[in-house]
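Me: Could you walk me through this one? I'd like to start with how the chains meet.

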Amino acid sequence: MGTDAFPTGVLGRFEGPNTVGSGTRFWAALAVTVVALLAYPSVVGPFAAGQLTRYLVSAFLALSLAFVWGYAGILSFGQNAFYGLSGYAFAVVVGNLASPLGTTVGVGVAILFGALSALVLGYFMFYGGVRDVYVTITTLVVTIVLNTYGKTASQVFVGSVNLGGDTGVGIGEITLGAGPATYTLVQPATYYVIVAVLLATYLGLRALVNSDFGRVMVAIREDEDRAEMLGYDVKFRKLVVFTIGGGIAGLGGVTYMAWGYSITPEVVFSAAAAAYPVVWVSVGGRKTLSGPIVAAVAIEWLRTTASVQFPEFAKIGVGVLMIASILLLPDGVVPGLRGASRYFDRHGLADGSRLAIDRARRAVGRRVGGPIAVDESSEVVQE
Amino acid sequence: MSESTGQDVNVRTTAAQRATGTNTDTLLQTDGLVKQFGGFTATDAVDFSVEAGEIRCLIGPNGAGKSTLMKLVTGQHAATAGSIYFNGFDVTDDAPNERIDRGLSMKFQVPSVFEDLTVRENLRLPNQRLADGDERRRRVDEALAAADLADVEDTRAGDLSHGRQQQLEIGMAASLDPDLLLLDEPVAGLSVDERAAIADRIRTLNEERDVAFVVIEHDTEFVAEIADRVTVLHQGDIFREGPIEEIEDDPEVQRIYLGTDGDAEGDAR
């Protein structure tokens with residue numbers, strides 16, 4: 001049974017080899033999650049729903065990075081740059097046009113601005129021959145430069161909007177529509193809209209990575225030269241992927257403004273902020289789309305909670321989590337869970353547990369025994 | 001892809017048309033091809049040509065410029081000087097993927113398959129450029145059968161043996177329906193049976209689909225088995241060219257291969 005035999009119906013578009021989670025069990029779990037998310041505000045109240053909105057906004061950033069890094073191999077620290085630029089662009093348009101129509105237009109302009117920024121940066125990188133780790137460095141530098149510039153731009157006006165330097169820029173309420181048909185977006189409606197947009201983005205990307213286009217993305221991730229020698233225009237493809245990734249990060253930037261109404265350079269452009277998406281995506285599983293979403297929400301929730309209780313340890317905790325995940329589950333938690341579920345399917349629960357414990361015991365024994373042996377005998381050193 | 005010849009006649013392709021166009025049997029022609037890496041000249045004004053439908057083997061000691069020549073032809077290296085005409089076009093300045101569209105294809109020295117994709121997915125990648133739907137499925141099935149990989153179509157390509165990865169990569173390269181297929185050491189490290197299978201595959205593609213080949217190979221037995229003609233490269237230029245029997249008996253060729261003239265350290269593989 002090859003992948004050509006995948007269901008060709010509506011659901012078939014979302015399934016393929018480039019995805020974790022398929023079949024009835026997965027879709028049932030997704031449905032339950034969506035229902036739970038929709039019920040959440042009525043159960044816990046608007047404040048907690050507002051908190052969760054913040055974490056769901058992070059998921060857009062996670063998705064954008066999983067898409068460019070996990071599927072096309074472009075490790076970018078710049079998703080935050082596009083996210084922040086879109087947030088700023090939205091504030092600038094809303095501030096200048098100050099009307100429901102202006103705000104509605106602002107949504108589109110802001111997302112396009114994120115995509116366009118990625119297009120310009122991507123063009124110079126990919127067509128300039130920048131590859132691999134140099135892409136990572138370049139994108140990080142761009143983000144940090146934006147941070148530095150943003151902090152000093154306290155009297156820089158775009159139209160009538162002051163970029164505000166350290167304190168950033170804010171907007172009033174978000175009223176969408178045109179003429180008499182307008183709607184003011186407030187909680188919990190904001191929450192519902194963001195859940196819906198996130199779900200749509202997830203499904204859209206899922207369809208995309210399982211299409212012919214997605215297969216080429218994975219080919220580029222696996223071996224750029226081989227992909228090129230099959231006739232694919234690798235630079236152009238990477239540029240398209242990077243631009244889409246910038247657009248999704250931009251969408252995240254708009255949802256961020258819809259949640260918080262203000263934006264500062266530190267929150268979006270700082271090195272720490274730029275590193276968080278890499279942590280979410282690594283921990284969740286970069287070759288999946290669901291993993292990064294879950295990890296972004298979970299880690300942001302943990303970090304926020306921890307920073308109230310133990311503010312000095314919150315960031316360190318995130319770093320430790322990343323290191324632990326890379327050491328123990330190099331492909332991320334979600335693929336790790338999938339691996340574990342396959343393992344127990346194969347060996348059964350009892351046998352599987354015994355085998356796993358044996359193996360863990362041996363692994364730990366080796367690790368603990370190793371350094372001691374080094375002190376005692378020179379043979380081990382030779383190894 | 002082969003229908004591209006004979007169109008597009010303009011000033012830029014005139015030399016290319018003369019060298020490799022429809023009026024000639026020459027498929028590939030390099031004209032004074034030079035590649036320098038810093039101060040080192042890897043290929044020195046090479047005039048190398050391949051006829052349509054032939055199987056050519058490229059041999060020579062390590063460092064003779066075989067892989068460099070191949071990479072110049074595919075566009076992975078940019079030429080320092082000289083021209084490359086292929087299928088009626090001057091492809092000297094074309095990007096690798098544009099040359100592929102002219103009817104060129106290549107298998108890398110180290111098996112380069114997409115390890116995280118299944119065998120079938122690997123074969124879908126070249127075929128999805130050429131066909132859709134049922135036709136694509138038919139082509140992929142055919143490619144699976146031809147490479148003898150139908151039993152492992154859902155296996156992750158990275159989990160295949162070295163020999164089967166070689167077969168898979170040749171299958172991917174052949175799926176593009178090339179006029180010329182470049183193979184860089186297709187049987188290095190393979191068993192006798194696996195070699196025989198690859199030789200068989202090359203002959204089949206050559207006879208049934210009229211694919212011309214340039215094969216870099218050290219193994220003279222294998223070369224004798226498949227090659228129409230052999231080109232010996234030495235110190236970045238063509239040293240000898242002819243049928244394998246002639247080349248094998250040539251004392252000068254033996255001398256450079258045995259490394260008696262100093263710079264060639266013999267055959268590493």
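**Chain contacts and a helix pair**

Reply: In this predicted model, Asp212(A) and Arg136(B) form a salt bridge in which the closest N and O atoms lie 2.6 Å apart.

Me: How many salt bridges are there between chain A and chain B?

Reply: The count between the two chains is five salt bridges, and 14 residue pairs are found in polar contact across the interface of chain A and chain B, both residues being at pLDDT 80 or more.

Me: Which element gives the most to the side of chain A that touches chain B?

Reply: That is H7(A), which contributes seven residues; the elements giving two or more residues to this side are helix H7 (212-222) and helix H8 (224-228) of chain A. By residue class, the side of chain A that touches chain B divides into nine nonpolar, four polar and eleven charged residues.

Me: And how much area do chain A and chain B bury between them?

Reply: They bury about 2400 Å², with 53% of it on carbon and sulfur atoms, and the contact takes 24 residues from chain A and 27 residues from chain B.

Me: Switching topic, at what angle do helix H12 and helix H13 of chain A pack?

Reply: Helix H12 (residues 290-309) and helix H13 (residues 314-328) of chain A pack at about 145 degrees, their axes being 8 Å apart, and H12(A) passes H13(A) in a right-handed crossing.

Me: Which residues make that contact?

Reply: H12(A) supplies Ile299(A), Arg303(A), Ala306(A) and Ser307(A), while H13(A) supplies Ala314(A), Val318(A) and Leu321(A); these residues of the contact divide into five nonpolar, one polar and one charged.

Key
Residues numbered from 1 in each chain as written. Chains lettered and ligands numbered in written order. Predicted model: local features only at pLDDT ≥ 70, side-chain atom pairs only at ≥ 80, totals over all residues. Heavy atoms only, no water. Contact = heavy atoms within 4.5 Å. Buried area = accessible area lost by both parts, 1.4 Å probe. Salt bridge = Lys/Arg side-chain N within 4 Å of Asp/Glu carboxyl O. Polar contact = N/O pair within 3.5 Å; in protein donor to acceptor, adjacent residues only side chain to side chain. Helix = DSSP H or I, 4+ residues; strand = E, 2+ residues; numbered from the N terminus. Nonpolar A, V, L, I, M, F, W, Y, C, P; charged D, E, K, R; others polar. Axes fitted to C-alpha atoms, helices over the stretch in contact; angles between N-to-C directions. Left-handed = near helix turned anticlockwise from the far one by under 90°.
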